[in-house]
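Student: Before I use the labels in this description, I would like to see how each one is reached. Could we take them one at a time?

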Amino acid sequence: MRTALSSVLLDAPRAAAIWLGLLGVVTLAVTGLLLRPRLFRFDAGVRIREAALPSPSDLAEHRRDQERWAEEVTIAADRADATARHRRDEWLAAQDEAERAWRSYEAAEADVRRLSRAAGMPLPQTDRTPAEYADRERWLHRAALDAYWRRELSVEQLSDVFAHRGWDPRLHPVEQELMLRRAVRDHLLARQRAAREREQATWRAAELAAAAARTLREEAAAALVPVVEERESVLPLTAPGAAEQTREIPAVVGRAPVAAY
């Protein structure tokens, strides 16, 4: 009995220390719960949201990827702007060329009308000798060559003049000049139409280049926008009242209730 009592008295301080330690732990837990209750509260929505959202390292990596992509798109947009300016300059040059071609055609058309009125008058009579025909042929060749150097005749038309395909060098110079002015008018009209088609093609190319530059600028601006972290729950939890409301049978609007027999 004495030995058991001595053993109990020896273990009492140790047991008291253990109980005091446990009491201190409980006291700290209760104090922390009272001061900051959110630390000890289990929120399933918060835990699910934190698990679903990317980590800060993932967000930083994604941001670096966005910055690299924005830099690449910005470089591409700068090049697209330069291309758009070049296409616009080409369009303006083609527009000027088309306007010059139109003015040249109008001048040629005025010459044709003037010579057509002059051709209606009696032609001066000349001796129809081989020397006269040779002079007329030389005049036609020289006038056609001068018109070619002024870019008023094409190579094919000049070849036709020298080969006498559709041209009669024995005609009077007034008649030959009228034919030559008509050929010049036709050539200038074809050149004006070609210039107008080039002007329209360059305009479409300039519009496409400008649209591409605008698209790249918008994409670069969108890539530079900082990523906004979603604060809402990725998987929203259903409110307690909502689950009970879904179990109710919805009332039919516009129809009177019918009694069941």
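Student: How do the axes of helix H4 and helix H5 cross, and within what distance do they come?

Tutor: This is a predicted model. In it, the axes of helix H4 (residues 130–149) and helix H5 (residues 155–163) come within 10 Å and cross at roughly 175°.

Student: What makes H4 and H5 roughly antiparallel?

Tutor: Angles over 145 degrees count as roughly antiparallel. The crossing angle is roughly 175°, so H4 and H5 are roughly antiparallel to each other.

Student: Which residues of H4 and H5 meet?

Tutor: On the H4 side they are Leu140, His141, Ala144, Leu145 and Tyr148, and these meet Val155, Leu158, Val161 and Phe162 of H5. The residues of this contact divide into eight nonpolar, one polar and no charged.

Student: Where does arginine 151 lie, and what stands out about its phi?

Tutor: Arginine 151 lies in the loop between H4 and H5. Its phi is near 60°, a positive value in a residue other than glycine.

Student: Why is arginine 151 called exposed?

Tutor: The cut-off for exposed is over 50% relative accessible area. Arginine 151 has 58% relative accessibility, so it counts as exposed.

Student: How many aromatic pairs does the structure hold?

Tutor: The structure holds two aromatic pairs. One of them is formed by tryptophan 102 and tyrosine 105, at 5.5 Å centre to centre with 40° between the planes.

Student: What makes tryptophan 102 and tyrosine 105 a pair, and a tilted one?

Tutor: Ring centres must lie within 6.5 Å, and here the value is 5.5 Å.

Student: Where do tryptophan 102 and tyrosine 105 lie, and which of the two is buried?

Tutor: Both lie in helix H3 (residues 56–119), three residues apart, about one turn of the helix. Buried means under 20%. Tyrosine 105 has a relative accessible area of 16% and is therefore buried, whereas tryptophan 102, at 37%, is partly exposed.

Student: What is tyrosine 133 in contact with, leaving aside its neighbours within four places in sequence?

Tutor: Tyrosine 133 lies in helix H4 and is in contact with Arg128, Pro169 and Arg170. Its C-alpha atom is separated by 8.2 Å from that of leucine 171, 38 residues apart along the chain. Tyrosine 133 has a relative accessible area of 26%, so it is partly exposed.

Student: How many helices and strands are there in the chain?

Tutor: The chain has seven helices and zero strands. Of its 261 residues, 19% are buried.

Terms used
Residues numbered from 1 in each chain as written. Predicted model: local features only at pLDDT ≥ 70, side-chain atom pairs only at ≥ 80, totals over all residues. Heavy atoms only, no water. Helix = DSSP H or I, 4+ residues; strand = E, 2+ residues; numbered from the N terminus. Buried < 20%, exposed > 50% of the residue type's maximum accessible area, 1.4 Å probe, protein only. Phe/Tyr/Trp six-rings, centres within 6.5 Å; stacked < 30°, edge-to-face > 60°. Axes fitted to C-alpha atoms, helices over the stretch in contact; angles between N-to-C directions. Parallel < 35°, antiparallel > 145°, perpendicular 65-115°, else oblique. Contact = heavy atoms within 4.5 Å. Nonpolar A, V, L, I, M, F, W, Y, C, P; charged D, E, K, R; others polar.
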